[in-house]
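Subject: Structure handover

Hello,

Notes on what was found in it follow.

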Amino acid sequence: MRRRWFLSAWPLALQLGLAFAVVTGVALGGSGVLLLGQSTARMLEERAASVTAWGQAAAALAAENTGEALTLALYRFHQQSGIRPVVVDGSGLVTADISDASPLLGMELTHPEVAAALGGRVETGTRRLAGGEWVMYGGMPVVRNGQQLGAVLVSADISAVREAQRGLVRQLLLVAGVMEIAVVLLGMLLARQLTRPLVRLRAAVAGLAGGRLETRVEPSGSREVHDVGEGFNRMATELGRLDQQRRAFVADASHELRTPVASIRALADALLTDRRGDIAVYKEHLADIVQECDRAGRLVSRLLELARLDMRSEARGTGAAEPTDLRQVAEEVVHALEPLAAERGVGLALAPGRAVMVHADSHLVETILGNLVENGLKYTPAGGRVDVSLSAAGGMAALTVTDTGIGIASGEQALIFERFYRVDKARARATGGAGLGLAIASEAAMLLGGEISVTSEPGKGSQFTLTLPL
Ligand code: ADP
C-alpha cells in the first residue's frame, strides 16, 4: 500500500482551508515582521535626530552659561522640550541639572553616551528602565572657544514609539486574522466547488456497485473531474453491454437447448401413446431421439468449449504454447473431415507446400481450422470445393480456407462471429449449427494473438483467413 500523507484522508475542504491558512499565515507573518521592523527603525531614527538637535541646543546653553543661570536655562529648556538635560564636567561628574536640589549633582554618570561625548563624539542610545519605560539618551560634547568643557546628557521618554509599535502590531494582527478567516472560507468554498462533482460521482459509483447498471453522471467540474465522469459513463455503458450480452447468451443457450429437449419429449410421447406396436415406427422414432440427443450433446460441448475459452482469455492465458507445424495440423484436420466432405459431395484438399512453424497451442489451431473447414463443407452445395492453403510472410502465418459455397452478404460478414448468430436460421438448423462455431474460432484466435478475417461474395463462395504471429 502506498504511504499516505497524514492529513490526506481529511475532507478536501479542510485540507485546502488549512493549506490556504498556513500559506497566508506565513506570508502575512513574514511581511508583518518586516513592516514592523522598518517602521520602528524609522520612528527611532527620527526621534534620535530630534534628540540630537535638542541635545546640541542644551550643549550650547551649557557652553554659554554657568551657575544659577545655567540651572535656570536648563529648567526652561526642559519645560520647553520635555527633554531632561544634565551637564557633566570633563571627568563625568554632574555639575548642573534642571534644579539646584537635584540628587544627581556631584554624582558620576557612567552612561556610554556620556563617555562618547567626553571623547568628543555625539551618540544616542535606547534603553529600557527598571520601571518599564523606554528612554533615548543623547550625549553631546560641550565646547567653548574650541575647548571641550565637559558634556551634556539628554534623555527623552520614547514610550510613545513603543506604544505606536504595539498599536501597529494590534492592527496587523487584526488584518491578518480577518484575512485568514476570509482565505480559509475561500479555500473551503473552492474545495466544495471542486468536490461537488466528485460527490455526485461517488453516489453514481455506489449506484453502479449496487447493480444499477443504467446509472450515469452529468460530467462537470474541472477538466480532470469531467474526464473521470466521462470515463465512468463509458465504463457503465460497457458494463451494461456485457451484462446484456450475458443475458442474451443465457437466453439463446436455453432456447437452443429447449428445442432438442422438446423434440425428444414429443417423440417419446408418441412412442408411449402408440397403440399399433409397429416396430419400424418405434425404430424410426428412437433414431430421431438419438439424433436430437446428439444435437443437444453437440451444443452442450460447444458451449463448454466456449466457456473454457472465455475462462482462459479472462486469465490472460495463451494456452500451452509449443512449437507447432501448421501444415501438420492442417493435414490432420483435412484428413479428419474427409468423410464429411465425401458425404456432402464436396471436394476437400490442402495445397502442397513447406512446413510453417509457429509457437502456439496446437489444439486451439486445430479447433479454429476444424470450424472453418466444417463451415466450408456445410455451406457449399454438392459438387463444390473447399481448399485449404498455408503461407508465411512478414512475420505472420496465414491459414486460408476457400470455398465455392453460398457466400455471405457483406452486411452479415461482421455479425457471423457473434455467438448464436446464423445468417439463415432454418438452413443452419438443418445443417446442425447453432451459430457458435465462428464465435469459438475467433475467441481461440484471440487467445493465440491472431485474428480471423473473411471475404465473401454471395453465390460465389467465401474465404476465411486465420493469421498468426510466426
Ligand atoms: P454454425 O454453427 O451455424 O455454422 P458459425 O458460427 O460457424 O455457426 O457460423 C455462423 C453463420 O455464418 C452460419 O450460420 C452461416 O450462416 C455463416 N457462415 C459461416 N461460414 C460460412 C461459409 N463458409 N459460407 C457461408 N456462410 C457461412
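Two strands pair if DSSP finds at least two bridges between them; strands (E, at least two residues) and helices (H or I, at least four residues) are DSSP runs numbered from the N terminus. This is a predicted model, in which local features need pLDDT of at least 70 and side-chain atom pairs count only at pLDDT 80 or more, while totals for chains, interfaces and linings use all residues. Residues are numbered from 1 along each chain as its sequence is written, and side-chain values use heavy atoms, with hydrogens and water left out.

Sheet

Strand E1 (residues 84–89) runs antiparallel to strand E5 (residues 147–157), and six bridges join them. Val87 is opposite Val152 in E5. Both strands belong to an open sheet of five with antiparallel pairing, in the order E2-E1-E5-E4-E3. Strand E2 (94–96) and strand E3 (123–128) each have a single partner strand, so one side of each has no neighbour in the sheet.

Ligand

Polar contacts are pairs of N or O atoms within 3.5 Å. A polar side-chain atom of Asn375 is 2.8 Å from an oxygen atom of the ligand, and an N or O atom in the side chain of Tyr379 is 2.9 Å from a ligand oxygen atom.

Regards

Conventions
A polar contact is a pair of N or O atoms within 3.5 Å; within protein, one must be able to donate a hydrogen and the other to accept it, and residues adjacent in sequence count only if both atoms are side-chain atoms.
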